[in-house]
Amino acid sequence: MEMRKICTGCRDGIDFEIPFAMAFQPIVDTTTGLPFAYEALIRGTAGEGAYSVLSQVTEANRYSFDQACRVKAIETAMAAGIMAGDARLSINFLPNAVYSPLACIQLTMRTAQSVGLPIDRLIFEFTENEQMGSPEHVASIIDTYKQIGFAVAIDDFGSGHSGLDRFVRFAPDEIKLDMALVRDIDTDPRRRAIVRSIAAMCRELDTLVIAEGIETEAEAAALIELGVRYHQGYWYARPALEALPSIRAA
């Protein structure tokens with residue numbers, strides 16, 4: 001009975017009855033000033049913070065929640081006009097809410113097809129802090145997603161104790177530097193040394209690096225100097241509810 005309920009939630013997402021909305025924040029390509037992608041962020045229907053929704057996610061509804069988020073992100077981004085440019089859509093997912101990688105991705109693919117969003121415009125992020133029951137299961141999800149044509153990113157890279165191990169094991173297309181490494185990087189030589197090394201490693205391995213949580217012009221300038229091309233944070237744009245925000249001009 002429990003497995004049937006899980007599979008139903010993965011198939012249609014209708015079991016998640018808590019209303020929510022999506023906000024979007026750009027990931028900026030600093031060489032062009034254009035959005036490389038927009039990250040979809042969970043919000044309450046009136047713009048309340050993510051916790052107002054996430055606090056209601058339980059073991060019983062996380063499968064349908066994960067599916068509902070993917071559908072909402074795709075449909076809302078399309079309605080907001082993401083196809084007017086080349087930007088991708090980055091969606092957070094819960095590895096523990098994926099029972100069968102190929103089966104549980106079907107609703108996402110059908111939704112993208114129905115609204116005309118090419119699957120190679122989708123990025124799936126999972127956080128380094130996510131509790132994982134089985135690294136092998138996560139690796140199978142990532143392998144499946146890559147084979148389909150999605151890009152996969154590790155979020156909050158550098159915040160956990162097993163970051164490099166997961167980097168090696170999962171071979172992500174992208175990593176997003178945790179904001180703890182970004183904060184005050186213009187004045188902190190230790191942070192600069194760490195980020196410089198990560199950027200060099202990722203260049204060698206053809207992995208894209210995104211710095212998130214950038215709040216000042218000085219932080220942005222330091223990251224560019226260190227070789228980090230893709231930026232996200234309040235310095236460039238705050239998340240906009242159900243809209244694609246304008247990016248601060250350089």
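A residue counts as buried when its relative accessible area is under 20%. In this predicted model, Phe170 has 3% relative accessibility and therefore falls in the buried class. Phe126, at 0%, is likewise buried.

These two residues also meet one another. A pair of aromatic rings is described by the distance of the centres and the angle of the planes. The model contains ten aromatic pairs. One of them joins Phe126 and Phe170 in an edge-to-face arrangement, with 5.7 Å from centre to centre and 75° between the planes. Because Phe126 belongs to strand β4 (residues 122-127) and Phe170 to helix α7 (residues 163-170), the pair ties together parts that are 44 residues apart in sequence. Both residues are members of one aromatic cluster, together with Phe93, Phe124, Tyr145 and Phe150.

Leaving aside residues up to four places away in sequence, Tyr145 touches Arg70, Phe93, Val98, Pro101, Ile105, Phe124, Phe150 and Val152. In soluble globular proteins, nonpolar side chains tend to be buried together. Here the largest nonpolar core comprises 59 residues, and Tyr145 is among those with the most contacts inside it, along with Leu89, Leu122, Ile175 and Leu177. Helix α3 (residues 62-80) gives the most to this core, contributing seven residues. Another core, of nine residues, lies apart from it and includes Ala151, Ala153, Ile210 and Tyr230.

The charged end of Arg248 sits over the ring of Trp235, 3.7 Å from its centre. Over the ring of Phe20 sits the charged end of Lys72, 5.4 Å from the ring centre.

Conventions. Residues are numbered from 1 along each chain as its sequence is written. This is a predicted model: local features need pLDDT of at least 70, side-chain atom pairs count only at pLDDT 80 or more; totals for chains, interfaces and linings use all residues. Side-chain values use heavy atoms; hydrogens and water are left out. Rings of Phe, Tyr and Trp (its six-membered ring) pair if their centres lie within 6.5 Å; planes under 30 degrees apart count as stacked, over 60 as edge-to-face and the rest as tilted. Helices (H or I, at least four residues) and strands (E, at least two) are DSSP runs, numbered from the N terminus. Buried means under 20% relative accessible area, exposed over 50%, partly exposed in between (1.4 Å probe, protein chains only). A charge sits over a ring if NZ of Lys or CZ of Arg is within 6 Å of the ring centre and within 35 degrees of the ring normal. A nonpolar core is a set of buried Ala, Val, Leu, Ile, Met, Phe, Trp, Tyr and Cys residues joined through side-chain atoms within 4.5 Å. Contact means heavy atoms within 4.5 Å.
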